[in-house]
Amino acid sequence: MKLTKKTLLTLFLLTSSAVTGFSQHTISGLVSDKNTKEPLTSANVVLIENGKLIKGVATDLNGTYELQNLKNTQYIVRCSYSGYVSDSVMVDFSVLKDKSLTYNFALVSTAENLEAVKVTATVKQFEQDADKLIMNVDETAAATSTNAFDLLKKVPGVSIDNDENLKLNGQGGVLFQFDGRDMKLPWEALKAMLKG
């Protein structure tokens, strides 16, 4: 292959632009808690160029990081860790004389800003066993009822007529249990107990 002056000039320009654009810069440092000075393991350190994520690393057991093979351009280095306020710094290698830069992040914990957490659990309103249907009463229904008899009026499938006779799904002869034991009382005595 014969190299002309034009081909050599083109190769020289391509080589020189590649060298100036990719100068093997490095950013490294330590990520720690600002108050305790303890290193933060597995903190995320990412490199952003023109709004795009270029690369990222996680800190090692000593809280150190290193980003290598960086171009001769401007970057934003952002550091984040769960439970801490993220921090970032702008680095412009086109104006820096050194090829390597050390930058340490001291992150501020957000633990002081956390509010109390209220954990609530929900219980199924109805539970079906092999031989019985269990209704769990929620606070709203219990608060609007004066006694257990009034609460029974709000149970789906239960109907109580004007003479206070109880039917479940249209059938009488309902068996009541208390703490898993059958209540073998006459209806009038059971009704008085439920109203009490």
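A residue is buried when its relative accessible area is under 20%, exposed when that area is over 50%, and partly exposed in between. The exercises below apply this and related criteria to a predicted model.

**Exercise 1. Classify Phe105 and Tyr103 as buried, partly exposed or exposed.**

Solution. Step 1: Phe105 has a relative accessibility of 1%. Because the limit for burial is under 20%, Phe105 counts as buried. Step 2: Tyr103 has a relative accessibility of 28% and therefore counts as partly exposed.

**Exercise 2. Determine the geometry of the aromatic pair formed by Tyr75 and Phe93, and locate both residues in the chain.**

Solution. Step 3: Tyr75 lies in strand E5 (residues 74-80), whereas Phe93 lies in the loop between strand E6 (87-92) and strand E7 (100-102). The two residues are 18 residues apart, and their pair links distant parts of the chain. Step 4: Tyr75 and Phe93 are both buried.

**Exercise 3. Assign the ring pair of Tyr103 and Phe105 to a class, and name the cluster that contains these residues.**

Solution. Step 1: The ring centres of Tyr103 and Phe105 are 4.9 Å apart, and their planes stand at 70 degrees, so this pair is edge-to-face. Step 2: Together with Tyr65, Tyr103 and Phe105 make up one aromatic cluster.

**Exercise 4. Describe the strand order and pairing of the open sheet that contains E5 and E6.**

Solution. Step 1: This open sheet has four strands in the order E3-E2-E5-E6, with antiparallel pairing. Step 2: Strand E3 (52-58) and E6 are the edge strands, since each pairs on one side only. Step 3: On average, neighbouring strands of the sheet are turned by 20 degrees against each other, direction ignored. Step 4: Six bridges connect E5 and E6 in the antiparallel sense. Gln74 stands opposite Asp92 in E6.

**Exercise 5. Identify the buried side of helix H4 and the elements against which its buried residues pack.**

Solution. Step 1: Leu190, Lys191 and Leu194 are buried in helix H4 (residues 187-195). Step 2: These residues cover an arc of only 100 degrees around the axis, so they lie on the same side of H4. Step 3: The face turned away from the buried side of H4 carries the exposed residues Glu188 and Ala192. Step 4: The buried residues of H4 pack against helix H3 (148-152), strand E13 (176-178) and strand E14 (181-183).

Key: Residues are numbered from 1 along each chain as its sequence is written. This is a predicted model: local features need pLDDT of at least 70, side-chain atom pairs count only at pLDDT 80 or more; totals for chains, interfaces and linings use all residues. Side-chain values use heavy atoms; hydrogens and water are left out. Rings of Phe, Tyr and Trp (its six-membered ring) pair if their centres lie within 6.5 Å; planes under 30 degrees apart count as stacked, over 60 as edge-to-face and the rest as tilted. Buried means under 20% relative accessible area, exposed over 50%, partly exposed in between (1.4 Å probe, protein chains only). The arc is that of the directions from the helix axis to the C-beta atoms. Contact means heavy atoms within 4.5 Å. Two strands pair if DSSP finds at least two bridges between them. Axes are lines fitted to C-alpha atoms, for helices over the stretch in contact, and angles run from 0 to 180 degrees between N-to-C directions.
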